[in-house]
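Plan: look at one chain by itself, then at where the chains meet.

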Amino acid sequence: MWRRLLVGVATSALVLSACQQAAAGEVEVFSWWTAGGEADGLAAMVEVFNEEYPDLTFVNSAVAGGAGTDARAQLATRLQASDPPSSWQGHAGQELIGTYVAADQIEPLNFLYQEEGWLDVMPETLIPLISEGDNIYSVPVNIHRANVMWYIPSNLEEWGVEAPTTWDEFLATAATLEDAGVTPLAIGFQWTHMHLLETVLLGSLGADAYSALWDGSGDWSSADVTAALETYQQVLEFANSDASTLEWDQAAQLVVDGTAAFTIMGDWAEGFFKAQGLEPETDFGWAPAPDTDGLFQFLSDSFVLPVDAKNREGALAWLRVAGSQAGQDAFNPIKGSIPARSDGDRSLYDAYLTSAMDDWATDTVIGSLTHGVVANDAWKAEIDSALGLFLADGDVGAFQEALVAACAETGPCS
Amino acid sequence: MTSVPVTIAAPRGAGRRAWARSLGRGLRFGLLLACAAFFLLPIWVMLITGLKSFDEVSLARMWELPSGINLDNFAAAFERLAPNLLNSILLAVPAAAISAVIGSMNGYILSKFKFPGSDLVFTLFLVGMFIPYQSVLIPLVLFVQSIGLSGSLLGLILVHVIYGIPITTLIFRNYYATVPTEIVESGRVDGAGFFGIYRHLILPLSIPGFAVVLIWQFTQVWNEFLFALVLTRPQTWPVTVALNNMAGTQIVEWNVQMAGALLAALPTLVVYILLGRYFLRGLMAGALKG
Amino acid sequence: MQVRRAFQGRWVAVGMLAPSMLAVAIFVYGFIGWTARVSLSEWRGLLPDYTWAGLANFVDLFADRRFHIDLVNTLVFTSFFVVGAVTVGLLLAILLDRQFRGDSFFRSLFLFPLAISLVVTGVAWRWLMNPSTGERLSGLNLLLGTFGIDPLAWHTSDQPWGIAFVALPAVWQMAGFTMALFLAGLRAIPEELKEAARVDGASELQVYRGVILPLLRPVLLSALIILGHLSLKVFDLIVAMSGKDIRLDVPSIYMWTTTFDANNYARGAAIAIVLLIMVAVLVVPYLAWSLRREAEV
């Protein structure tokens, strides 16, 4: 009996230590890619990872929920408990830097960029936006464009209008459409309103003034900003009345149904239109949001290296795959975005995505607000509150004041 | 139990009484059916959406019946949610059971043993019922992690048992308050100790109380999302977290999502349908009389 | 001999209660203490920062326009929810307080919304309460239209009435529970009292007003407290319905976004403390009253 017990204990000890060994080969990655094209794209990238690093096991700790709010809450509790995963997904830019660099939670990756030669294949205008000073803090996997306006060409023809290229044109076209009984603009929940706001700001102010707002050199209380906010208010008057009950894709559905003419949404909308059975260019069309031609307002999903990452070597392996041509070309065509690298295999990408890749190579790169490039979380949350109050009471003056206060309290303004 | 129907005025003649009786009954039934329709409305929407194919799902076509009984969604949802349904069962059954036993013990003590401070202790327990979960999230995770239970179902069971102490104690205390003290006294006179009285005298009387507590705790634990989100890992996710993940963050397949939601609600629904009358009987036996 | 045994029993009892007391002390009061400490600090990032800030967070909070909206919304929601759940629950209890074929079916039916998570039904209710008009009429508005009633804006109505409509699914979920409470209360009313009133010539309505409703007061109070505190904690339902629209903001949502989206732990803790105080204001007097009443009995 005792011998059996001893054997049992010894075996368990062996098994346990074997488990420890296996655990050393685990790479736990947080993301919010849990369903649809996102999950499939991640799976494809994981396949590449498994091929290149067969002795590492990828643990998918994805949590869904509103561009990561639940995932970030879970991540926050893990970091508080000093139990970080091997890596996590975040929006490149201030969302990552303002939160995690400020708290010394992630490491600079310059060494990795040099080893892998990424500085040669990623656009120059991108690097400063994902760095703090000279330190680069994340590996961007994909690029999405925020300032895109979508429509159904055959419907526009039927209504006798064209896609507007400036906001003045938009307001005029919208008036015509409204008279014809068509909702000019389809929009949804509050975050889509912020998404619209940033394109209006960019279009109204232009690239330099817009960028200045985010680094502390611009003036939120200026008359130009007032004009931009007033334009925003006028544009909103042409939006659907039930906006606050619609997800972004239900708003895009209005465009597909012919009830609405335009929706301004990031280029993940392309996946939606295609899922409805529509073909790019023939069935659905796109144009840069009014007044933003030549400007690529981007956001990027990227991965970081936590300080004290679990299995640091495994984490670095994952980052290498995330930044590699094979990894990005596996992920992006399925996800519906373009690679951050400039050397993606164009044959894998559809009509819209190849045109986006062209724009990415030539346009001026500007950061998105809603999707975490230009403002850190605290600042963005203040802007969100201010926006919500504006949507409730329509007071442009109060809105602008709140934006000024937000920049002073949580942004770089003095 | 009363069986007197609603009469309109002082009874005056058998004929009028009968007419009034059937009018009353008809009215009552009509009202009940209207309420039943109201109660079933959201479930109906979820059901027909769950039976539709992806292109049939849109706000504009909410009330349209599905073109056919499309059980694929349920199959797909079940495939994705099956392991998490198991996790939820492994979570909710022990949590509810342990919760009930602890509540019963506490309720018995607080209702039959008037030691100095017992009222204060009871009040302090009750206040615990009212804290919002979000406000204790961070220290809770830190604590669970420090005892090495982060990520395991055991940790989540422990948390639910602890936060269930106030409500289960309340229910049992109120229930045992209706049990005459003479029973405890007679047990003592017969020479039984604390545990003896509890096992042989109190427990057999506790069925209605257990019914209420088990059903309530099972439902609460099964449907809880927040603690489940931060205290478990993918292998141990209960169905609430998995269901949320199924929706994803981009385009939601509402047909599969609704099917999944109905599947996730099935166990609790079954519990209520099968055991609902015991829940009611327990409540009526004084479990929450205030 | 008997005295000693009773004495022993008492110590065993306290001993059995001790683990619960310890757990509650840590998990409830310990954590509340931690939250209170954070609310008095300057913790505004991922790293804990316990620098003393006094009541600054609370002062800022009460000057915050969004928090004003939260408080108004809480008041409106709680009023409509509690009144709605009590009224519907009482109505159902009265309707079901008699035996007839199918009575237990109806009782189970009205109870079962409790079994379903609000995260899930929140979305169904959001669809039902879609406010589109004209060609895009859908949801409940479509049904109302068949009765010739104008479409409502439901929860997209101007602040503060939007949140009153959010109370509808909440009532849907809790009315069955209130019904169960009232059924229990109704069963407890002795038949003799009702008969006595009828013999005295009271109509059924007068029996209700004079005998039954007054005797339901303790049950009503329990219901008010339980519903009241649930209403202060409501989170999942509103997020599912509103997509974090500020017009439907409530303190529990503001606490979440401020802690986890904006990483402002200090302000989040301050909101939590305010919520706790609001709950305490409701609950403590009731508990004191209830315990005093028991002592009298």
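This is a predicted model: local features need pLDDT of at least 70, side-chain atom pairs count only at pLDDT 80 or more; totals for chains, interfaces and linings use all residues.

**Entry 1: the fold of chain B.** I read along chain B and wrote down the pattern α-α-α-α-α-α-α-α-α-α-α. That makes eleven helices and zero strands.

Entry 2: How much of chain B is buried? I looked it up: buried residues are 57% of its 290 residues.

**Entry 3: where chain B meets chain C.** Here I found 82 residues of chain B in contact with 90 residues of chain C. The two chains bury about 8,600 Å² between them, and carbon and sulfur atoms hold 79% of it. How many salt bridges link chain B and chain C? The count is zero. I did get four residue pairs in polar contact between chain B and chain C, both residues at pLDDT 80 or more.

Next I asked which helices of chain B supply at least two residues to the side touching chain C. My list reads α1 (14-50), α2 (72-112), α3 (118-127), α4 (137-146), α5 (153-176), α7 (194-205), α8 (207-223) and α11 (254-287). α1(B) gives the most, with 16 residues. Sorting that side of chain B by class, I got 62 nonpolar, 14 polar and six charged residues.

**Entry 4: where chain C meets chain A.** On to the other pair: 28 residues of chain C are in contact with 34 residues of chain A. Chain C and chain A bury about 2,700 Å² between them, 53% of it on carbon and sulfur atoms. Which residues of chain C lose the most area to chain A? They are Leu46(C), Arg65(C) and Arg136(C), together 25% of what that side buries.

I counted four salt bridges between chain C and chain A. I looked up Arg72(A), which forms a salt bridge with Asp261(C); the closest N and O atoms are 3.8 Å apart. The polar contacts between chain C and chain A come to nine residue pairs, both residues at pLDDT 80 or more.

The elements of chain C that give two or more residues to the side touching chain A are α3 (65-96), α5 (118-128), α12 (251-261) and α13 (265-296). By class, I logged that side of chain C as twelve nonpolar, seven polar and nine charged residues.

Key: Residues are numbered from 1 along each chain as its sequence is written. Chains are lettered from A and ligands numbered from 1 in the order in which they are written. Side-chain values use heavy atoms; hydrogens and water are left out. Helices (H or I, at least four residues) and strands (E, at least two) are DSSP runs, numbered from the N terminus. Buried means under 20% relative accessible area, exposed over 50%, partly exposed in between (1.4 Å probe, protein chains only). Contact means heavy atoms within 4.5 Å. Buried area is the accessible area (1.4 Å probe) that two parts lose on being put together, summed over both. A salt bridge is a side-chain nitrogen of Lys or Arg within 4 Å of a carboxyl oxygen of Asp or Glu. A polar contact is a pair of N or O atoms within 3.5 Å; within protein, one must be able to donate a hydrogen and the other to accept it, and residues adjacent in sequence count only if both atoms are side-chain atoms. Ala, Val, Leu, Ile, Met, Phe, Trp, Tyr, Cys and Pro count as nonpolar, Asp, Glu, Lys and Arg as charged, and the others, Gly among them, as polar.
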